[in-house]
Amino acid sequence: MATYGRIDEYDESEEWTQYVERMDHYFEANDIEDKDKKRSIFLSVIGAKTYKLLRGLIRPEVPNKLSNEELSEAIKNHYVPKPSVIVQRYEFNTRVRRNDESISTFMAELRALSEHCEFGSALDEMLRDRLVCGVNEDRIQRRLLAEPTLDLKRALEIAHGMENAAKDVRDLKGEMPNTATNIKNVIVVVVNMTIQSAVLKLKSAINAVKLDT
């Protein structure tokens with residue numbers, strides 16, 4: 001039976017949670033549902049170094065007596081200790097949009113920072129508040145504060161709309177110097193053509209006078 005994809009042994013340069021996510025996708029893609037088989041594959045592919053570490057973390061238990069989830073959690077707690085909620089919320093609540101940062105990138109960063117903040121059902125409200133407080137552009141901030149009722153969806157619509165409008169104005173201003181230069185060039189050409197035409201007419205008139213005399 002053909003298999004889809006492959007899972008290499010764990011490399012510490014990769015986040016453990018990301019490695020586990022990739023392994024879950026591998027199981028799903030190859031229709032592997034049996035828990036014992038999942039555990040055997042997990043223990044086979046993580047590599048000798050990680051396997052040795054795992055055995056030390058779970059002693060006096062042995063790997064084949066624990067579920068795949070328990071084994072993964074033991075390694076996760078070693079590599080990724082549970083972060084302080086207070087610290088995570090501090091980083092979230094002090095994040096301010098940089099001058100060269102788009103609204104979309106700012107929101108993506110906020111969502112990443114919120115991962116361990118444990119906001120629960122209040123996540124959208126916290127993201128909205130951080131967008132309003134940290135957007136770092138007075139024009140957008142005033143517009144958001146003027147809304148009597150503002151949810152995250154509406155806040156993003158306003159912020160994105162104003163950001164795009166400002167970009168369009170900058171683009172138009174960037175084109176104006178070129179337009180002015182083109183008009184100037186046209187005027188110069190027209191003036192030159194007018195002068196040349198006048199000179200030719202003058203020469204013709206002089207020649208006509210000479211012939212009459």
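**View 1. The whole chain, end to end.** Starting at the N terminus, the elements of the protein go α-α-α-α-α-α-α-α-α. That works out to nine helices and zero strands, with helices being DSSP runs of H or I at least four residues long, strands being E runs of at least two, and numbering from the N terminus. What you're looking at is a predicted model, where local features need pLDDT of at least 70, side-chain atom pairs count only at pLDDT 80 or more, and totals for chains, interfaces and linings use all residues. Residues are numbered from 1 along each chain as its sequence is written, and side-chain values use heavy atoms, leaving out hydrogens and water.

**View 2. The largest nonpolar core.** This core holds 21 residues, and Phe92, Met107, Leu131 and Leu144 have the most contacts inside it. A nonpolar core here is a set of buried Ala, Val, Leu, Ile, Met, Phe, Trp, Tyr and Cys residues joined through side-chain atoms within 4.5 Å; buried means under 20% relative accessible area, with a 1.4 Å probe and protein chains only. Helix 9 gives the largest share, six residues.

**View 3. Around Phe92.** Leaving aside residues up to four places away in sequence, Phe92 touches Leu110, Leu113, Ser114, Cys117, Phe119, Met126, Leu127 and Arg130, a contact being heavy atoms within 4.5 Å.

**View 4. The second core.** A separate core of 19 residues includes Tyr10, Val20, Leu54 and Leu66. Across the protein, buried residues make up 27% of the 213 residues.

Notes
Buried means under 20% relative accessible area, exposed over 50%, partly exposed in between (1.4 Å probe, protein chains only).
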